[in-house]
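Here is a short report on a ligand site and the pockets of one protein. Look at the structure first, then read on.

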Amino acid sequence: MNLKDYQHIFKLDPAKEISDDELMQICESGTDAVIIGGSDDVTEDNVLNLMSRVRRYAVDCIQEPNDVEVATLGFDGYIFPYMIQSKEVQFHTGYLFEGIRSYGHMIDYSSIQWVPYIVTNDKAKVFHAAKCHTVVQDVDLLSYIDILDKVMKSPYIYIEHSGDLIDIERLKMIKEQVTHSHIIYGGGITNERIAKEVMQYVDTIIVGNGVYEDIKSALKTVKVIKSK
Ligand code: 1GP
């Protein structure tokens, strides 16, 4: 798995209902990948169920486990979030440590990507779950960007604004600050217009809740993919 190959990803929540017809439209939309991940009521059963349904299609299927208990074999790739603002070690290396300690001998490391996340939406569930420091001030946000991009030289930075659309000026500011990290953005992308606006400043967009709110509109976000 190489996230740099993806411009557009749908993120599906295993705890939410999606019909076979809707799932077919998502998987055959031309999106680059489907991520399976959520923060509430995620179980091994609902992950396995959704994975096996997505597996009927050729699209890449990635898991973003929110806990080592629900990490499931059989995906094309795995994204392990590293919440850089979290005060809890569990959201830094904790889950990954537990997973590797228990299952390291079975892991194909080429399928795993550890991705640093900056949670820019203070109202997002994950912001509270991971006990994050706020980045409402630009100087805080840009300091984290510099740590990841210039100090850690991270291949990726994930701007997580789940549930709402970030102020586009902040994305512009991030783009101007970053020297080499590939920027992934998720939060409030529900239609083609927003997708295109966001895509000017980031490398990969993630579309989540929009799938469950207005699937027709969400499907049109795939149009941001260039050269397809
Ligand atoms: C991606 O979880 C987000 O990081 C998706 O956010 O649900 O607001 O699209 P939305």
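## Basis

This is a predicted model: local features need pLDDT of at least 70, side-chain atom pairs count only at pLDDT 80 or more, and totals for chains, interfaces and linings use all residues. Residues are numbered from 1 along each chain as its sequence is written, and side-chain values use heavy atoms, with hydrogens and water left out.

## Around the ligand

The residues around the ligand include Lys11, Tyr158, Glu160, Gly163 and Asn209.

A polar side-chain atom of Tyr158 lies 2.4 Å from a ligand oxygen. For a side-chain N or O atom of Glu160, the distance to a ligand oxygen is 2.8 Å. Gly163 has a backbone N or O atom 2.8 Å from a ligand oxygen. On its own, the ligand has 300 Å² of accessible area (Shrake-Rupley method, 1.4 Å probe), and the protein covers 94% of that.

## The largest pocket

The ligand takes the space of the largest pocket. A pocket is an open set of points on a 1 Å grid over the protein atoms alone, where a 1.4 Å probe fits, with protein on both sides within 12 Å along at least five of seven lines; lining residues have an atom within 4 Å of a point. The volume of the largest pocket is about 940 Å³. It is lined by 40 residues, with Lys11, Gly38, Ser39, Glu160 and Ser162 closest to its centre.

Note on methods. Near = heavy atom within 4 Å. Polar contact = N/O pair within 3.5 Å; in protein donor to acceptor, adjacent residues only side chain to side chain. Sits in = over half its atoms within 2 Å of the grid points. Points joined across faces, edges and corners; volume = space filled by probe spheres on them.
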